[in-house]
Amino acid sequence: MDRDFYTISVYVDENENLIGIPCGESTKYGIADIDTVMLLKAPYTDDALEAYIEKVLNACYTKKHNDNSNVSTIERYTKKQGFVNATADFTMISIVKTRTNYSLMPTFNDYEKGPLAIDDDERILPLNYNPGEMAEIIHGYIEVYMKANIFYKEMQELEEEKKNKN
């Protein structure tokens, strides 16, 4: 490991397919997503999930962030304008790998601000975690936060309908 940390954003769709976006250096932001998208289609095994996470982490710093573009990688991938719109149909999990451990953090999707980190639910794994441990955490996040995000989205849509009727 030649850097102090590697960070990736993993977006989960309603079918539990994964979209991984690694980070790279940015003159403008320091560290930011790069123009690389890696997919893992469901269904997948725990081994495949953990290998996929390592593959996305290994892609960090393979390019620099495109500081000349105001469009994020997830916006380009989804072809939706605006980060909030591009992430609205996904549950995001942030994963950071340091010299000593992995930090996994789920997000809750705020339909006005986009994904918001849930610090209270951060999980730390040592670099030499037991096979299946990371997959278990990720599956748990998908189970809880995807359902919460779907519920919250439906509530927002109902509120919009009420406003439009009035």
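Reader: Which residue stands opposite Ile21 in β2?
Author: Ser9 stands opposite Ile21. Please note that this is a predicted model.

Reader: How many bridges join β1 to β2?
Author: Strand β1, residues 5–12, is joined to β2 by 5 bridges, and the two run antiparallel. They form a hairpin with 5 residues between them. In that turn, Glu16 has a positive phi of about 70°.

Reader: And which residue in β3 is the bridge partner of Ser26?
Author: The partner of Ser26 is Gly30. Strand β3 covers residues 30–33 and pairs with β2 in the antiparallel sense over 4 bridges. These two strands also form a hairpin, with 3 residues between them.

Reader: What about β4: how many bridges join β2 to it?
Author: There are 3 bridges between β2 and β4, which spans residues 38–40, and the strands run antiparallel. Within β4, Leu39 is the bridge partner of Ile19.

Reader: Let us turn to the helix. What span should the 13 residues of α1 have?
Author: At 1.5 Å a residue, helix α1, residues 46–58, should span 18 Å. Its end C-alpha atoms are 18 Å apart, which agrees with that expectation.

Reader: Which residues in α1 are buried?
Author: The buried residues of α1 are Leu49, Glu50, Tyr52, Ile53, Glu54, Val56 and Leu57.

Reader: Glu54 is charged, I notice. Which side chain meets that of Glu54 in a salt bridge?
Author: The side chain of Lys97 does, at 3.2 Å from N to O. Lys97 lies in strand β5 and Glu54 in helix α1, so the pair ties together parts that are 43 residues apart in sequence.

Reader: Is Lys97 buried or exposed?
Author: Lys97 is buried, as is Glu54.

Reader: How many salt bridges does the count come to?
Author: The count comes to 7 salt bridges. Among them is the one between Glu25 and Lys64, whose side chains meet at 3.7 Å, N to O. Glu25 lies in strand β2 and Lys64 in the loop between α1 and α2 (73–78), so this pair ties together parts that are 39 residues apart in sequence.

Reader: How exposed are the two partners, Glu25 and Lys64?
Author: Glu25 is partly exposed, with a relative accessible area of 30%. Lys64 counts as exposed, at 57% relative accessibility.

Reader: Where else do side chains meet in a salt bridge?
Author: Asp89 and Lys80 form one, at 2.7 Å from N to O. Asp89 is partly exposed at 39% relative accessible area, and Lys80 is also partly exposed, at 34%.

Reader: Which residues are joined into one network?
Author: Arg3, Glu25 and Lys64 are joined by salt bridges that share partners.

Reader: A change of topic: where is Ser94 found?
Author: Ser94 is found in strand β5, which covers residues 91–98.

Reader: And what is Ser94 in contact with, leaving aside its neighbours within four places in sequence?
Author: With those neighbours set aside, Ser94 is in contact with Thr7, Ile8, Ser103, Leu104 and Met105.

Reader: Finally, how many Å apart are Ser94 and Lys165 in space?
Author: They are 38 Å apart, C-alpha to C-alpha, and 71 residues apart in sequence.

How values were computed
Residues are numbered from 1 along each chain as its sequence is written. This is a predicted model: local features need pLDDT of at least 70, side-chain atom pairs count only at pLDDT 80 or more; totals for chains, interfaces and linings use all residues. Side-chain values use heavy atoms; hydrogens and water are left out. Contact means heavy atoms within 4.5 Å. Two strands pair if DSSP finds at least two bridges between them. The expected span of a helix is 1.5 Å times one less than its number of residues. Buried means under 20% relative accessible area, exposed over 50%, partly exposed in between (1.4 Å probe, protein chains only). A salt bridge is a side-chain nitrogen of Lys or Arg within 4 Å of a carboxyl oxygen of Asp or Glu.
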